[in-house]
Amino acid sequence: MFEFPAGYYADVRIERVFRSLVRIEMGRLEEVKEKSDAGAFIRLYDGRRWFYASTTDLSAINEELRQLAKLASPPDLVAICRVTDRLEKNHGDFRRFNDNSVARVDLQQKISLLDSYAALINNDSQITHWSASYSDGHTSKEFYSSLNQSNAGGLLFDTQTAGLRLGVRFGSGANVFSETWCKAEVEFEKLGNLHEEAKKYVEQARDYYQRAEKIEGGVYTVILSPLAAGIFAHESFGHKSEADFMIGDAAMLKEWQIGKRVGSENLSIVDDGNVAGSGFTPFDDEGTRACRTVLIDRGILQGRLHNSITAADLDEAVTGNARSISFEYEPIVRMTATYIEAGQTTKDQLFAGVERGIFIDSVKHGSGMSTFTLAPSMAYLIENGKITKPVRFAVITGNVMQTLDHIDAVSDELEILSFVGGGCGKMEQYPLPVSFGGPYVRVNQINVQ
Amino acid sequence: MREKVIQQVKQTSLSIVQNSISAIRRKNIQKTGCRVMRGDKIGVAGGLGESSQDELYARAEKALAWGVDYPVTSGKELQSHTRLDSLKIDDAQLGQTVEQVLSELKRRHQDFAISNKVNYSQISLSIENDNGLSLSHQDSYVNWSFLLKSSSSTGIMDTFFGLIDRKIEVDRVIEATSQIIEAYKKQVDLPVGGLPVILHQSALTRLFQRDLNGKIVGNKASLLQKQFEQKTFADRFSLQIINDPVETYGPIFDMEGAICAEAQRWLIKDGVILRPYTDKRTAQRYGFAHTACADGSYDSVPSLGGCNMEIPHSGKTLAELLPEGLGIMVAIASGGDFTPDGNYASPVQVAYLTDGTRLLGRLPELTIKGSLFDFFGDDFIGVSSDKFYAGGNDRMLVTKLAVEKL
């Protein structure tokens, strides 16, 4: 089928994408879009450098392969094998969403669904601005490589998300508050009965808008919701687990030695592309099957995330984390579904242990280098083990490694959340769908600003 | 009425790992969007590659049935063609140039590693319609993006150099990157007495993206709702829409094919809030001036997203804006945010002490805090007339903020 240049490693990834979008703002239908696209990403490796091309002309893939080979040096077979020996040679048809593809759902049904959610917030005198959107995507991928030419059918797999976002803004002038309810599933049908959940969330936001008070900055014990814990795990530790930051770097390898204690005994973090949701990645963009990678096990560094290049450099196994945002980009090491594992403490016990602290329920955004920050959206004061009132402040922040060590308890129920309308950004590649979550997580000595 | 949007990106991208080029990526992708406007409705459709325009228009025609409101007049007979694509470099030359830079930096700084990307892009965007609208924008530039990391560091990165330029000035890239590395290696204490803080404008003007958005203002949901036509900020503080392709690396026209009129470009003038920014739909719906800020992708219904805005420069250089001769240059401030009432706080992961011409050393990790009404009010100092090459060749904002060691 494809004419892979002799001696080189080469692969071809073809993506066929269906997407639709419906957006209503302040009661008006502002956008309706439905589209199907296809494109291919082609890679060739000569043992020294990688050569990539992306194209929308699927009939030109063999020509692209020939052009890439012209750019390359003569193949260094030893160097090539050092990378490709680690690659899995999966083949077969693993598509699971063809029968219930969002492409099969009539667009009018999607508009009607969104209308039913928009009705929850329309004509509400306290909501000064609102928007509601439905978006979905079904991506089918075909993967062919020079390692697996006997299986001409290649590897076929797919991913799918369908989701809703309701953005509301209460108030005017200096007293304004914005919040977004977002829910994503892998099937359209699962979005049909979430109205009560959405309504409850909007009412919580209204209460926050009406009652939230400024709180003095300082050092507090903080309880993170599953959403906040997931963002913390993703931003503060997940990115540090991506092994492309360690290539050829002795200091990083020494610092991030497997077996080293990096957090408290209450902390375990996992990345797993098998989890259904927006991080679902049954195979990565090098054809590697998803696996459950334990990054931290009870405070001890246990693993990291790889593509074939980083796995070869660190002499470790691939983990199914070579991902790209589209056919226009090369796969780089990315997270899938990243979460903190549940512990033994009940949620009530977790709160009961806080004399005066902060509960962060929802988060606008987070970031994490040596210092992490979370910008809360809805946060609450905890007094004598109980949530007493909503409070306002800009960010919580702290040293990542110290904070990992200050996690003193996690609750016993895990919640992994999925999203539409955004994703993870790394260098030039944004947005990549991911999911994250955790139990409720209690952390001491957090700086509130 | 039919309207066509064509976007083309031709790009060569070099990946850098540990001071060496590890990969070369080439792409050349065309995206075409077609719009049909009839009555007060719009239908859109888009496709990749050599799409059949007849088919796209047929799909856009069909999409009219969804009833998306678009009760505006489409652009007529406006013609504008900008060509800034004089930078031509082939893949081999680009590779040699980047290798030259990496080699020299490696020679100078053996204790620092460079990674990430250098991209050479040739881009074009055009909008044409049945009413004689004909707009196009062509540009070509190199985007240098270096993550810089000390060999003894255990973080993902320590600092960075980033620059978009229509020229390839190898020596300036080497010198600016070297200056950043040297400054990073030289730790200095935070001087006592509040020094002014130097930032990229967008770090602090982003609140205006939300609170001067015509939809937010039109629905009376802005933080600044009660301050329109009132003096709210310093006399010397103004904010304008900027659509100069030389400065923005974007087209002069918006995604509705409109160009902001000179008389409407000021959002804030001499401290007085004048108007929100708008697209056609928002301007018509709420009775605001049309400022030509429609956003969206090639195949979207054009709508109001954000806009390019800038505080005009003060006529003084960065050095002249530093009353004590020193300032705190914020290089990386990740994770900051505004509270709904306009208070800003952010950790600063990397900051340098500067005299306005050179980076003098790396300051400890900091936090910065302030209120919108102060840092663009009495505490506002100005925007530099000169561009700071090591800071991305931008004009820098200077103001006072509360600064503390983290």
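In the predicted model, Ser54(A) has Lys27(B) as its bridge partner in β2(B). Residues are numbered from 1 along each chain as its sequence is written, while chains are lettered from A and ligands numbered from 1 in the order in which they are written. Because the model is predicted, local features need pLDDT of at least 70 and side-chain atom pairs count only at pLDDT 80 or more, whereas totals for chains, interfaces and linings use all residues.

Strand β3 (residues 50-55) of chain A runs parallel to β2(B), with five bridges between them. Strands pair if DSSP finds at least two bridges between them. Helices (H or I, at least four residues) and strands (E, at least two) are DSSP runs, numbered from the N terminus.

Contact requires C-beta atoms, placed from the backbone, to lie within 7 Å.

Chain B contains eight helices and 24 strands. Its C-alpha atoms fill a box of roughly 65 × 55 × 35 Å along the principal axes. The radius of gyration of chain B is 23 Å, in agreement with a compact globule of 406 residues, which would have a value near 22 Å. This radius is taken over C-alpha atoms, and the globule rule is 2.2 Å times the number of residues to the power 0.38. Of the 406 residues in chain B, 46% are buried. Burial means 20 or more other C-beta atoms within 10 Å of the residue's own; 12 or fewer means exposed, and partly exposed lies in between. Among chain B contacts between residues at least 6 apart in sequence, 70% join residues at least 24 apart.

Confidence was also computed. Mean pLDDT, the predictor's confidence in each residue from 0 to 100, is 95 for chain B, and 100% of its residues reach 70 or more. The model has ipTM 0.94 and pTM 0.95.

Chain B is assigned domain 1 (2-185), domain 2 (197-201 + 313-405) and domain 3 (209-308). Such bounds come from an automatic or database domain assignment. Domains 1 and 3 of chain B have C-alpha centres 24 Å apart. Their contact takes 27 residues from domain 1 and 17 residues from domain 3 of chain B. The domain 1 side divides into 16 nonpolar, nine polar and two charged residues.

Chain A is divided into domain 1 (9-211) and domain 2 (218-448). The C-alpha centres of these chain A domains are 22 Å apart. Contact between them involves 36 residues of domain 1 and 33 residues of domain 2 of chain A. Elements that each supply at least two residues of the domain 1 side include β3 and α4 of chain A. Strand β6(A) makes the largest contribution to that side, six residues.

Helix α4 (residues 195-211) of chain A holds Ala198(A). Ala198(A) counts as partly exposed because it has 19 C-beta neighbours inside 10 Å. Beyond its neighbours within four places in sequence, Ala198(A) contacts Tyr117(A), Leu120(A), Leu166(A) and Trp181(A).

Key
Contact = placed C-beta atoms within 7 Å. Nonpolar A, V, L, I, M, F, W, Y, C, P; charged D, E, K, R; others polar.
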